[in-house]
Amino acid sequence: MSEDLARDHEQLLEFLYACPIGLVEFDPTGAILMINPNAMKHLLPLAGPRDPGNLFAMLQECAPELRNLYDDFAKDRGTICDGHRIAVDIGVGRRGTDPKVLACTLVKLAPDRAIATFSDITVQVGQERRLRQTETWFGSLISGINDYAVLSITADGTIDGVNDAFTRQSGRPTEDVAGQPVDRILKVDMAAGSPSLCDQLRLAERDGWYLDESWQQRTTGERYWCQRLFAARPEGDGVCQPKGFFVVLRDVARDESDTSDLRRLLLFDHLTGAANRTHFLQMFEREQRRWQANRQPLSLILLDVDFFKAVNDLHGHPTGDVVLKQLSQVCSAMLRPSDLFARLGGEEFAVLLPDTALDEAVAMADRLRAAVAAMVIATSDGPLRITASFGCATATEACASVDGMIGLADGHLYAAKHAGRNRVHARASIPDAA
Amino acid sequence: MAVSTAFDDIEIGTLVALPEAERDALPYGVTGLDSEGLVVVYSAAEARMAGLDRDTVIGQPYFDSVAQCMNNFMVAQRFEDETELDETLPYVLTLRMRPTRVRLRLLATSSEPLNYILIER
């Protein structure tokens, strides 16, 4: 009998060892109770110097939101998140492959016990991206079909053509649309992560097309999910100047329930509301391509809260979370709408500054530094003050890649830490730089 | 002359020449993989740590079915990329489904058909 049990136990181990999905059982502090090899294969390379026996510690850099999602889940049992995407790589993946993405599902089994699964969805995410691009092109080919509303826009942004399908879709009579500035007719949901209309047109001009997806409203007040393809107008006299745009609008049937919450979850950090790694990466790549095309300056600030571990250790994680939230609010409020404030991991943040030269970026970093140093965080132990260190970089011929700029800014951030913290570094301190 | 069989010292040649009983008596685990990554050598200490029967492990694709936790750039990729390898690194395995800190020593040389992984708890 006990031999049978031993054999069963061994077969169960074999099964779990070979399981192609990562499985982790953990307690409310993140301490791992059980873990299978597939999970460790994905998690250990992310752990760095942090405790490999704690799930939240290992994911602190890549997916700090998981701890917050767990902490905010009030019920004793249930699904906390399903297929939550974790962007492992910033920039391209190892060996030039697609950047690695993991899907994570958290299920709470009891007040003190939860299970996490991890699966590698890098290939699917890469396919999705390519399919989406293909779909956009396909969509532009069949734009003559009736169900596609079409606007035509001049180079200076005036609507000079509109079809009946646009009236059916939006409820606006064509005579109320023609001759109007485009920004009076088309609304942009910037809160949900869409670039401004001006930027969308600029991207269409540069790439030939730009696809936006967002909620729009009919004149009846009803909301609908709208795919909008902005395409540069292929007419003109051969002069290489903007000639205007076509906008193809499609009313896509979509379940209201997955709505903007899902989009927010996909693009923004759960705790701080700052852009998450995935969103930051997409925007950075977009701006980086724009830099390649027109050499408009592009700068990056990395910042890291000083002695953050001590804040958590002395005052507890909830206070640490308040610090991160407050810092995000203070910094976001000081930036322009075109700037992007993102949380890259634990207590590390980034600011992407389009159309900004290095000197301006350094000046902004110093204003952010002063504002962070002036913050007072109320805690149960009395008011708490913090500082942060900053590193800046700007795109140059020698260093324009996403990875390169992050590496450069990170080096300066490290130097700022080394030089005593609460400061901004942007240039190598090697004297022969002159 | 006594040749050291300690975890840090043992040479791949010594390991290959060691009789099976002596290899099983080593205080650390020894796994030998052929060029396809199939398990050829699986020592008693290793079987004990993992909680598996040696007979079921022999012939299995190691990095796919037994030790996926090493199937990444830190271990498996090293054997693919390097023909001469002798490196010791701290690692965390999932022996019996528990995170377990170990030291790994990766050994490969072009004159020996098998690659070896030594595991010390």
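How many bridges join β16(A) to strand β17 (residues 424-425) of chain A, and in which sense do the two strands run? The close-up views below take up this question and several others. This is a predicted model, in which local features need pLDDT of at least 70 and side-chain atom pairs count only at pLDDT 80 or more, while totals for chains, interfaces and linings use all residues. Residues are numbered from 1 along each chain as its sequence is written, and chains are lettered from A and ligands numbered from 1 in the order in which they are written.

**View 1. Strand β16 of chain A and its partners.**
Two bridges join β16(A) to β17(A), and these strands run parallel; strands are DSSP runs of E with at least two residues, helices are runs of H or I with at least four, and both are numbered from the N terminus. Two strands count as paired if DSSP finds at least two bridges between them. A:Gly391 stands opposite A:His425 in β17(A), and the chain crosses from β16(A) to β17(A) through helix α14 (residues 402-418) of chain A in a left-handed β-α-β crossover. A crossover would be right-handed if, with the strands pointing away from the viewer, the path from the first strand over the helix to the second ran clockwise. Strand β11 (residues 298-305) of chain A is joined to β16(A) by seven bridges in the antiparallel sense, with A:Leu302 opposite A:Gly391.

**View 2. The burial of strand β16 of chain A.**
Seven of the seven residues of β16 (residues 388-394) of chain A are buried, so the strand is largely enclosed by the rest of the structure. A residue is buried if 20 or more other C-beta atoms lie within 10 Å of its own, exposed if 12 or fewer, and partly exposed in between, with C-beta atoms placed from the backbone. A:Ala388, A:Phe390, A:Cys392 and A:Thr394 point one way from the strand, whereas A:Ser389, A:Gly391 and A:Ala393 point the other way.

**View 3. Two loop residues on either side of β11 of chain A.**
A:Arg295, in the loop between α10 (277-294) and β11 of chain A, has a positive phi of about 60 degrees although it is not a glycine. A:Arg295 is exposed, with 11 other C-beta atoms within 10 Å. A:Phe307, in the loop between β11 and α11 (308-315) of chain A, has a positive phi of about 50 degrees and is not a glycine either; A:Phe307 is partly exposed, with 13 other C-beta atoms within 10 Å. Most residues other than glycine have a negative phi.

**View 4. An open sheet of chain A.**
Five strands form an open sheet in the order β7-β6-β10-β9-β8 (chain A), with antiparallel pairing. The edge strands, each of which pairs on one side only, are β7 (159-162) and β8 (209-217) of chain A. Nine bridges join β8(A) to the antiparallel strand β9 (residues 223-232) of chain A, where A:Tyr210 stands opposite A:Phe230.

**View 5. The side of chain A that touches chain B.**
In this view, 19 residues of chain A are in contact with 19 residues of chain B, contact being defined as C-beta atoms, placed from the backbone, that lie within 7 Å. On the side of chain A that touches chain B, α1 (2-18), β2 (32-35) and α2 (37-47) of chain A each supply at least two residues.

Notes
Two residues are in contact if their C-beta atoms, placed from the backbone, lie within 7 Å.
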